Amino acid sequence: RVNATVTRLNLLRNKFTVAGAQMLVKAAQAKGEQIKTLIGIYEGQTSTGTRLAVEDLRDADAVLIAFDLSVNATVTSLDLSGDPFDSDPTHKIGAVGAEA
């Protein structure tokens, strides 16, 4: 019998609404420290620049990124250049980070 616990998800580019992404973040927060990532960051990873810079990210993705930044202190570099967010991603990420 195997009792596995999900700790890592990559939910980027799923076309969630911002409200849907916020609900996912609240659900992850309710699990305490069980959910370590909603964007697929590996434990101990310090840079996500290469992967995120080529993604077609939307505002809801900024909400998921903000969650990861709030729970993954090891990330020291995040390259969002060239990402066609619906609006300014730093505003969304900062707003969610302030709520966490």
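**Cavity, pocket and helix contact**

The residues that line the largest cavity are R13, N14, K15, F16, R58, A60 and D61. Please bear in mind that this is a predicted model. By class, that cavity lining comprises 4 charged residues, 2 nonpolar and 1 polar. The space inside the largest cavity amounts to about 30 Å³. How many cavities of 30 Å³ or more does a search of the whole structure find? The search returns 1.

Let me stay with two members of that lining, R13 and K15. R13 belongs to the segment before α1, and its phi is near 65 degrees, a positive value in a residue other than glycine. K15 is likewise placed in the segment before α1. For K15, phi is near 60 degrees, again positive in a residue that is not glycine.

I turn next to the largest pocket. Its volume is about 170 Å³. Which residues line this pocket? They are G32, E33, I35, K36, Y42, E43, G44, V71, N72, A73 and T74. Sorted by class, the pocket lining holds 4 nonpolar, 4 polar and 3 charged residues.

The last topic is the packing of two helices. Helix α1 covers residues 18-30, and helix α3 covers residues 59-71. V71, with which α3 ends, is among the residues lining the largest pocket. The axes of α1 and α3 come within 8 Å and cross at roughly 20 degrees. The crossing of α1 past α3 is right-handed.

On the α1 side, the contact is made by V18, A21, Q22, V25, A28 and Q29. The α3 side contributes D59, A60, V63, L64 and F67. Taken by class, this contact has 8 nonpolar residues, 2 polar and 1 charged.

Note on methods: Residues numbered from 1 in each chain as written. Predicted model: local features only at pLDDT ≥ 70, side-chain atom pairs only at ≥ 80, totals over all residues. Heavy atoms only, no water. 1 Å grid on protein atoms, 1.4 Å probe; cavity = no way out; pocket = protein on both sides within 12 Å on 5 of 7 lines; lining within 4 Å. Points joined across faces, edges and corners; volume = space filled by probe spheres on them. Nonpolar A, V, L, I, M, F, W, Y, C, P; charged D, E, K, R; others polar. Axes fitted to C-alpha atoms, helices over the stretch in contact; angles between N-to-C directions. Helix = DSSP H or I, 4+ residues; strand = E, 2+ residues; numbered from the N terminus. Left-handed = near helix turned anticlockwise from the far one by under 90°. Contact = heavy atoms within 4.5 Å.
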